[in-house]
Amino acid sequence: MASGRTFLPAGVRTQLIGAAVLWLVGASILLVRGVGYVHGGSWPAWVLAIGLVIGVLKARVLLDGVATKAVARIRHRGRASFFGFFSARSWALLAVMMGGGILLRRLVVHPGVIGAGILGAVYIGVGTALLLADRTFWLAVFRPAAVPDPEDSTELASGLD
């Protein structure tokens with residue numbers, strides 16, 4: 001039975017800031033861990049470069065679109081529950097990814113071995129991707145017209161030029 005009350009109600013701007021901060025925190029954690037894995041060993045600079053390239057590509061191919069859809073979701077919802085800025089599916093995916101990262105660190109990767117360099121590159125890549133795509137949320141906070149609505153194909157087409 002729905003009571004019509006919302007848990008932790010928040011406006012659109014507050015939800016956008018929450019999403020932006022969450023992505024920023026996630027990116028920071030991954031980048032610090034990734035650099036720690038790469039820096040802790042005698043990994044060549046190309047490991048760092050691979051991570052950065054992975055990040056830029058992942059941001060452009062995947063996360064920019066995910067962030068744009070999340071912004072549209074928040075705008076469409078209007079004033080709503082603060083933690084609803086991401087869908088239940090997105091929160092579940094986040095939990096699976098975090099669990100997978102923890103599992104990899106615990107079972108496979110030990111500092112100073114090849115797995116640490118690979119995991120470091122992956123963490124740097126994903127952290128870089130999150131950091132780059134996070135700009136979509138911050139643009140929506142400070143310049144709302146700068147983020148196109150994915151439902152409007154004309155805005156998306158002009159934004160790809």
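Me: On what basis are residues numbered and values taken?
Reply: Residues are numbered from 1 along each chain as its sequence is written, and side-chain values use heavy atoms, with hydrogens and water left out. As the model is predicted, local features need pLDDT of at least 70 and side-chain atom pairs count only at pLDDT 80 or more, while totals for chains, interfaces and linings use all residues.

Me: What pattern does the chain follow along the sequence?
Reply: Helices (H or I, at least four residues) and strands (E, at least two) are DSSP runs, numbered from the N terminus. The chain has five helices and two strands. Read along the sequence, their pattern is β-α-α-β-α-α-α.

Me: What percentage of the residues of the chain count as buried?
Reply: Buried means under 20% relative accessible area, exposed over 50%, and partly exposed in between, with a 1.4 Å probe and protein chains only. Among the 161 residues of the chain, the buried share is 33%.

Me: How far apart are the end C-alpha atoms of helix 2, and what span should its residues give?
Reply: The expected span of a helix is 1.5 Å times one less than its number of residues. Helix 2 covers residues 45–77, and its 33 residues should therefore span 48 Å. This agrees with the separation of its end C-alpha atoms, which is 45 Å.

Me: On which residue is the kink in helix 2 centred?
Reply: The bend at a residue is the angle between axes fitted to the seven residues ending there and the seven starting there. In helix 2 there is a kink of about 50 degrees. The buried residues of this helix include Gly 55, Ala 59 and Leu 63. The kink is centred on Ala 59.

Me: Which residue just after helix 2 takes a positive phi?
Reply: The phi in question is about 70 degrees, and it is found just after helix 2. The residue is Gly 78.

Me: How is the aromatic pair of Trp 23 and Phe 86 classed?
Reply: Rings of Phe, Tyr and Trp (its six-membered ring) pair if their centres lie within 6.5 Å; planes under 30 degrees apart count as stacked, over 60 as edge-to-face and the rest as tilted. A search of the whole structure finds nine aromatic pairs. For Trp 23 and Phe 86, the centres are 6.5 Å apart and the planes are at 40 degrees, which makes the pair tilted.

Me: How many residues apart in sequence are the parts that this pair ties together?
Reply: Trp 23 and Phe 86 are both buried. Trp 23 lies in helix 1, and Phe 86 in the loop between strand 2 (80–81) and helix 3 (88–107), so the parts tied together are separated in sequence by 63 residues.

Me: Why is the pair of Trp 138 and Phe 142 classed as it is?
Reply: Both residues lie in helix 4 (residues 114–142), four residues apart, about one turn of the helix. Trp 138 is partly exposed at 26% relative accessibility, and Phe 142 is exposed at 57%. The ring centres are 6.1 Å apart and the planes are at 15 degrees, so the pair is stacked.

Me: What is the area of the nonpolar surface patch that contains Val 25?
Reply: Patches are made of residues with over 30% relative accessible area and no salt bridge, where like charges are joined within 9 Å and nonpolar side chains (Val, Leu, Ile, Met, Phe, Trp, Tyr) within 5 Å. Accessible areas come from the Shrake-Rupley method with a 1.4 Å probe, and for residues only the protein chains shown count as cover. Val 25, in helix 1 (residues 12–40), is partly exposed at 43%. Together with Ile 17, Val 21 and Ile 29, Val 25 makes a patch of about 280 Å².

Me: What C-alpha distance separates Gln 15 and Arg 79?
Reply: Gln 15 is placed in helix 1 and is buried, with a relative accessible area of 0%. Gln 15 and Arg 79 are 64 residues apart in sequence, and their C-alpha distance is 8.6 Å.

Note on methods. Salt bridge = Lys/Arg side-chain N within 4 Å of Asp/Glu carboxyl O.
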